[in-house]
Amino acid sequence: MEGAMLQPERNEADLQVAEIRHRIANCFQLMIGAIHCRLKQTADPVARDQLVWARDIIHTMSLLQGRLTSDAGQSFADYLRDLAKYWQPLMEVQSVHIEVDADPIDLGPGASSSLALIVQELVTNSVKHGLDGTAGWIRIELKRRDAEVELVVADNGRGVSKDRRARSGLGMTIVSQLSKRIGAVMEFDCGASGTIARLRLPIAGATAAGRSSCPSYQMAG
């Protein structure tokens, strides 16, 4: 009897949540649409590059928001696959293939938001500075390693030296700051066969996606 009385309230709450999700999605689309309009009116290459960067960041957050509020769970692996689907058509002109090998890990919204931006910047760096207009591949991995989660973004480009990464500007600054914020360790391995960016994130209580609806990430330290 009590359950039946509470059902209308639950239905109303579900409708309100769905409405909020819809409005957030619309806001992201409006921002992306505004940037597209500005791109059509902008000829300066530096300004266009910044607008494209802003568009991709907003799209990254839009994809992540969709996953974090999905009834199917909060697997960051699913988000990475969504991101790869977004990037692939953009990379076809350059004949770059992007692939994802990720374990279904629920990191919670805090770590997921930072990692989403980190992945976005690392992929952008691989395209612009690693492959630099040539054909190749980019591989994204997300694995549980005992008490850590390991994120790897690798490419088979010409390799990005430490000096060139330092000159990459805002992107690498974002990666560095976000890594420190979540207590992660970032390493780069560069050579003639490409670049491997490896991030190790200490976690507490992380679960396989779908086992828990509660955020599982805790700040290191």
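Which residue in β6 does Leu-151 stand opposite?

What we have here is a predicted model, where local features need pLDDT of at least 70, side-chain atom pairs count only at pLDDT 80 or more, and totals for chains, interfaces and linings use all residues. Residues are numbered from 1 along each chain as its sequence is written, and side-chain values use heavy atoms, with hydrogens and water left out.

First, the overall picture. The chain holds six helices and seven strands; these are DSSP runs numbered from the N terminus, with helices being H or I of at least four residues and strands E of at least two. Starting at the N terminus, the order reads α-α-α-β-β-α-β-β-α-α-β-β-β. Of the 221 residues, 41% are buried, meaning under 20% relative accessible area with a 1.4 Å probe, protein chains only. For contacts (heavy atoms within 4.5 Å) between residues at least 6 apart in sequence, 66% join residues at least 24 apart.

Now to strand β4, residues 148-155. Seven of its eight residues are buried. On one side, β4 pairs with β3 (residues 136-145), antiparallel, through eight bridges; pairing requires at least two DSSP bridges between two strands. Here Glu-141 stands opposite Val-152 in β4. The two strands make a hairpin with two residues between them, and Asp-146 in that turn has a positive phi of about 55°.

β4 also pairs with β6 (residues 194-202), again antiparallel and over eight bridges. And there is our answer: Leu-151 stands opposite Leu-199 in β6. Thanks, everyone!

Definitions and conventions:
Buried < 20%, exposed > 50% of the residue type's maximum accessible area, 1.4 Å probe, protein only.
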